[in-house]
Amino acid sequence: MKLYHSPASPYVRKVMITLHETRQLPLVELIPAGGHPVDPGTMPLSLNPLGKIPALERETGPALYDSRVICRYFNDTGRGTLYPAGETLWDSLTLEATGDGIADAAILMIYESRTRPEEKRHDPWVEGQWAKIARALDALESRWMAHLHGPFDIGQVAVVAALGYLDLRHAARDWRAGRPSLAAWAGKMAERPSVKATMPEG
Ligand SMILES: N[C@@H](CCC(=O)N[C@@H](CS)C(=O)NCC(=O)O)C(=O)O
């Protein structure tokens, strides 16, 4: 299978962590790809009409896209344990949506500075994206720590990936300030082999 990949993408990182956790890394060939809303770049639109990575080209069947679909696919094929049964599943998926939402806002801020001409930039829009991130981080700190310290699941995968992306692209915003529990958790997670092996670059 071919995984359309970039080492900086938090969504690709979710898939890579899932592959490490379920020991399926040898099943995929990593294909460098990437673009942005103004130019889909090297991401084949025939595989994902949205022009986004990650996308997974399989030997049979249509390509899969969106990290949520691909992670669940690999968790199934590898008999992983990232999706708990029962009521806890809804917590895990909501936590995943929170991590993904942080990544979404953080990436939109980067697209604003990289793709929009300077005279058309709108600072309140950028700050509005950061406000979403700050609220989500505060929710993690105040409401989600018990879950974050529980069994490793897809919600934790998404949060690890989002926080890693904040470190990569928005370090000056210092997300750790005022969030000691989340900062300590992120430090502990960095020792996990699947997390350590997928540190973002680029
Ligand atoms: N919801 C998607 C988001 C994927 C995404 O936004 N990927 C970025 C790279 S980090 C991308 O390919 N952006 C190109 C674009 O927005 O046109 C997922 O979870 O896979």
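Guide: Helices (H or I, at least four residues) and strands (E, at least two) are DSSP runs, numbered from the N terminus. This is a predicted model in which local features need pLDDT of at least 70 and side-chain atom pairs count only at pLDDT 80 or more, while totals for chains, interfaces and linings use all residues. Residues are numbered from 1 along each chain as its sequence is written, and side-chain values use heavy atoms, with hydrogens and water left out.

Visitor: How much space lies in the largest pocket?
Guide: On a 1 Å grid over the protein atoms alone, a pocket is an open set of points where a 1.4 Å probe fits, with protein on both sides within 12 Å along at least five of seven lines, and lining residues have an atom within 4 Å of a point. Grid points are joined across faces, edges and corners, and a volume is the space filled by probe spheres set on the points. For the largest pocket this space is about 860 Å³. The lining has 31 residues, and those closest to the centre are Tyr11, Lys52, Ile53, Ile107 and Tyr111.

Visitor: Which helix gives the most to the lining of the largest pocket?
Guide: At least two lining residues come from each of helix H1 (10-21), helix H2 (67-77), helix H3 (88-115) and helix H6 (154-169). The most, 8 residues, are given by H3.

Visitor: Which element gives the most to the lining of the second largest pocket?
Guide: The second largest pocket holds about 190 Å³ of space, and of its 16 lining residues the closest to the centre are Val160, Gly164, Asp167, Ala186 and Met199. Two or more lining residues come from H6 and from helix H7 (180-189). The most, 5 residues, come from H6.

Visitor: Which residues does a cis peptide bond join?
Guide: Most residues other than glycine have a negative phi, and most peptide bonds are trans. Pro54 is found in the loop between strand S2 (29-32) and strand S3 (55-57). With omega at about 0°, the cis bond joins Ile53 and Pro54.

Visitor: Is Arg23 buried or exposed?
Guide: Arg23, in the loop between H1 and S2, has a positive phi near 55° although it is a residue other than glycine. Buried means under 20% relative accessible area, exposed over 50%, and partly exposed in between (1.4 Å probe, protein chains only). Because its relative accessible area is 74%, Arg23 is exposed.
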